[in-house]
Amino acid sequence: MLSAEAAGLAISITKGLIKLGGRLDLLMAERTAVGGPLVIPMPPVNKPALIWPKRVEKLKTHLAETKGLSPDPLGEDRKELANLLAQDPVPDEADRFFFRLFPELAEPPLIDPDAEYFKALKTHLPTVDWSDKDTRLAAFYIASGRDDRQLGYAARTALLVADVIAEFGAENTALFVRDNRVRGVVQSILERFAKPDLEGFDTWSPLLRHALGATLNGLVDAQKALAQENPWLDAVLSALALARENAADADNYLIGLVHGEGYPLLVSQGLLVAGERLGDDGADTFQKLVADILIHAAPLVEEDTKGFSDFFKNHWGDLLRAGLTSLEKHGSTLLEGQSPLLRETLLAMIGELAKTPDSAFLSSELVFKLAESAIGAVANKPELLKGNLKKEWFRDLVVSLAKTLSAQGIRETFTREGLESVVKVALNVLADHPELLGDEPGVHLELVNAVLKAVSAVDSLEAKTIATAAVSSALGTLANHPELVDSPFGELIAGFTEQVAKLVAAKSLTGLQAADLISAAAEAVLGNPALFAQVKENLAGAVVEAVLKGVKASQTNLLAGDGLVETVREILDVLALRGRDLIENNALKDVIARLAGAVSAGLGRAEKELGRRLDLPRLPEVLAGIVAALARGDLTELDPEHPKFKELFARLAEAAIARAQLEGAVS
Amino acid sequence: MKNKYLHWDHEPNDILSERGCVRSTSRSAFAFRRASDPFSRAPRCGTAAAGPLDTAALRRFMENIISRSRGAGARRSFKFSFLCFLVALLAVGCVTRRQVAEIVSDSNAAILATQMGVEVELAPNPATAAPTDDVARKIDAFIAAHPEQKATASALRIRQAVFYLSQKKYDLAQAAFDVAMLQDLHSDRDRALKELSPHIVWWYKTAPRALQRPELRNELPNANKALVAFQEQIQKRADSPDTRDFLAEMRAWIGLKFAEAGNTSKQIGQRLGAVANDYAGIFDDADLAWFADPRGTPGKEATATQIRRRLRAKAIFKDAMNQLQQLDAQDRPVIDERAKRILESRFITENP
């Protein structure tokens, strides 16, 4: 009795044979059509027996020979023909007469190339039976010639057989593969391999690509069989399967990988799979956190067309946000055992960072510093964690900083590192003095913002130098003098920073000098904050402007670099000490004009006194003395040659020398 | 759907293989078998194909066998039955191929019958030549029934076009050429015919016409274009000598007919010289040796292609020689050494 299994096999074999026969029939039909011989007749050719010059000659002869005959064989045509033949070259119209007069020469019997050939065949192959139709046909066959395809019919027949065998193998894999795992793999590969009609391939390249694709796709299809004992192999194959599923050209996706294409999609799907595997129920909290980051990274990798080299640089913010979101979710578990204050602070800040899109601009170091500041602030004032204040405080803190870092104008001025460096200085100060954050932490971060905007006129390197000095001076001063927190001190420094930045941009100052000036201005303001605050315009800036104008007007080169900075510093100190009347009683532009006049006159005088009772290190002090005299109202004549001015200058110079000598003696 | 040509009957004289296939008429039929009988019989159909049987029928068939396979020798009985079944399956094979083979055979016969009709002595036997309308109709029907067989269809369209040319149905010929897709044509012959189809159709129309000089000169631009296009194809098809020789011959006839379109005797001479020199380029040293001493068969070792090339050359070189001799000495062109040897060979100059 035949078993059902054997009967099934017999049916399967028969089906395969039927398929083989049907497809072979079509293939052979194609070979017959493409490669079959073809009789192509050569058309008979009609040609005059004489070439054109000979035809003209013949016409001329005929014209001459028939001249005077009666009746004239040419009749009325003679005149026209004579006219035509008299021309040089003879017009083509004359041929009409030749065809009419000599039809046997104009249209001799057609030349039939095939008939001529056949005659030659009979002559040179007399023993062949030419009455036989097949023999005659064979003599006229034109072979099909070379086939432009790489795979001939023999190879395609072999492919057809291989295809049918592969189909049969795919249906009956159990017959020849006993191992269950291997069977699944073999079956998948064979199914893929046999999918298109292989005999349809006529070049090697697509065939080999198909074979490779079938193998790779088959392996991926059979991932369950392959990866039973290795979950990570399973993950890799799952990623490949997912990537293939999402690819535009799924069948050729794996082949594309071989050619180095489509990796972003694969990595993306790999991250997804890895994220899912990491984040399953049994995973610890940290693994879940990493899983969340990986899953978030997946679409970013897929969309990134620039390759992987800058991926983390470009997508740090996105990944950070993913991490923060996850951290917020899993943070309570992670921070278990920490002090409630610390945990609450961190969670509040992380939650806010995760909600703030611009937090993408924060680097890990900045986040760390911000957290440090926040922890310090909360430790200083625990009520920050209570009620609405908590929500608003953390939002103000994070949003202010993120806004600063993301501001387009600021990002255009600074390099990424430069900006981070400046902000880090600010956060360092805030971390050291968390009390500065107060109830409105954004205020001081707004100051940083204003300073950063103020230096937009200069290049990134100088901007970093100036902004660092300004931020450091401003926040440092505020930290040490909390009474200034509610004063316009920050605005003054920011305004002054803007002015010196412009001078740096105009090459009037270097960045380092500007930084020194800012420090000097901060100290001067500290000396008399009320005076500086009452001037709507920036007094410190006005002093710098006045000194520069004075230098220019004096037409001397005595004041530059450190001397200039020192002069401004001295004058700012003088104004803080004695400038109230001068500033309160005059408009700022008049103050500037008078200060510039004093500096100019002083420099004019100094030029003549140098080496007599003055040297350059003491010049700023002497100029400051002249400004002090002006502020007191003791000096009205700003002429370097005026006796009173000369006298004042001499006195100041001698005093400076005496002070120097005294300092030297003391030291 | 049952194919309407599934049961074509063969002509009485067709030689069928034991599997019922029409004898192939392949190119090898024109190869030497013996020196005295160069035209051998073509190989028989060597491939069988199965018909469209459905799986349910198969299953019933198998179940029937299984139910009957009892007792001693049951397994042997099954094997025998199964083998019989397979043989039966294979026996009905060759269906499509047979249809194409019939088209190939019938079209060749019809074309040759038309062509040879000019020679009364060799007028085909009406009983053995397929009705001419049938050839084109069969090709159309086959292509309609097998739309997915693009390579087959395009090759058959080229054949149909040649058939129409032989019938002087030039518009139909051009239409058939047009529907044959170049990307689906794979043989040098078919690709060359397709690429040259406008020039070929033009030449079939023009060649038999008696053209007075004004008309000849009007057609000269077409002729010049054809000469250039043919020369390109001749160079491209160097690996397919049958095709190359055919194209070179057709080009030579175009050149000869239009040589006298030159304005002066000198120009006519130059055109004739170019025709002779170009055409002589397809002949090898063995051909030249045989031209010089053309006794008996066209060379015992010659292939069918060589025999055809040599014998077909005669009409062309004779006509060229006839025209060259009409020129005055000063107007005669420079003839290459190879062309000169052919023109002066005994094969061309002597009557057999």
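Visitor: Helix 6 of chain A crosses helix 13 of chain B. Which hand does that crossing have, right or left?
Guide: The crossing is right-handed. Keep in mind that this is a predicted model.

Visitor: OK, and what angle do they pack at?
Guide: About 125°, with the axes of the two helices 9 Å apart.

Visitor: Why do you give me both an angle and a distance?
Guide: Because two packed helices are described by both: the angle between their axes and the distance between those axes.

Visitor: So what do we call the way helix 6 of chain A and helix 13 of chain B lie to each other?
Guide: They are oblique to each other.

Visitor: Left-handed or right-handed?
Guide: Left-handed for helix 11 and helix 13 of chain B. The contact uses B:L272, B:V275, B:A276 and B:Y279 from helix 11, together with B:I316, B:A320, B:Q323 and B:L324 from helix 13. By class, seven of these residues are nonpolar, one is polar and none is charged.

Visitor: What about helix 6 and helix 8 of chain B, at what angle do they pack?
Guide: Those two, residues 170–179 and residues 197–206 of chain B, pack at about 170° with axes 10 Å apart. So helix 6 of chain B is roughly antiparallel to helix 8 of chain B. Their crossing is right-handed.

Visitor: Which residues touch?
Guide: From helix 6 of chain B, B:Y170, B:A173, B:Q174 and B:F177; from helix 8 of chain B, B:S197, B:V201, B:Y204 and B:K205. The classes come out as five nonpolar, two polar and one charged.

Visitor: How exposed is B:K168?
Guide: B:K168 counts as partly exposed, because it has 13 C-beta neighbours inside 10 Å.

Visitor: Switching to chain A: which peptide bonds there are cis?
Guide: One is the bond from A:S70 to A:P71, with omega near -5°. Another joins A:D88 and A:P89, where omega is about 0°. A:P71 is in the loop between helix 2 (52–65) and helix 3 (77–86) of chain A, and A:P89 is in the loop between helix 3 and helix 4 (95–101) of chain A.

Visitor: And helix 26 of chain A, how far does it reach?
Guide: Its 17 residues, 511–527, reach 24 Å from first C-alpha to last, close to the 24 Å expected. In helix 26 of chain A, 12 of the 17 residues are buried, so it is largely enclosed by the rest of the structure. The buried ones include A:L517, A:I518 and A:V525.

Visitor: What comes just after helix 28 of chain A?
Guide: A:Q555, with a positive phi of about 55°. Helix 28 of chain A itself has 16 residues, 539–554, and reaches 22 Å, close to the 22 Å expected. Among its buried residues are A:V543, A:V547 and A:S554.

Visitor: Last one: how many helices and strands does each chain have?
Guide: Chain A has 33 helices and two strands, while chain B has 15 helices and zero strands. In chain A, 45% of the 667 residues count as buried; in chain B, 44% of the 352 residues do.

Definitions and conventions. Residues are numbered from 1 along each chain as its sequence is written. Chains are lettered from A and ligands numbered from 1 in the order in which they are written. This is a predicted model: local features need pLDDT of at least 70, side-chain atom pairs count only at pLDDT 80 or more; totals for chains, interfaces and linings use all residues. Helices (H or I, at least four residues) and strands (E, at least two) are DSSP runs, numbered from the N terminus. The expected span of a helix is 1.5 Å times one less than its number of residues. A residue is buried if 20 or more other C-beta atoms lie within 10 Å of its own, exposed if 12 or fewer, and partly exposed in between; C-beta atoms are placed from the backbone. Axes are lines fitted to C-alpha atoms, for helices over the stretch in contact, and angles run from 0 to 180 degrees between N-to-C directions. Angles under 35 degrees count as roughly parallel, over 145 as roughly antiparallel, 65 to 115 as roughly perpendicular and the rest as oblique. A crossing is left-handed if the near helix is turned anticlockwise from the far one by less than a right angle, and right-handed if clockwise. Two residues are in contact if their C-beta atoms, placed from the backbone, lie within 7 Å. Ala, Val, Leu, Ile, Met, Phe, Trp, Tyr, Cys and Pro count as nonpolar, Asp, Glu, Lys and Arg as charged, and the others, Gly among them, as polar.
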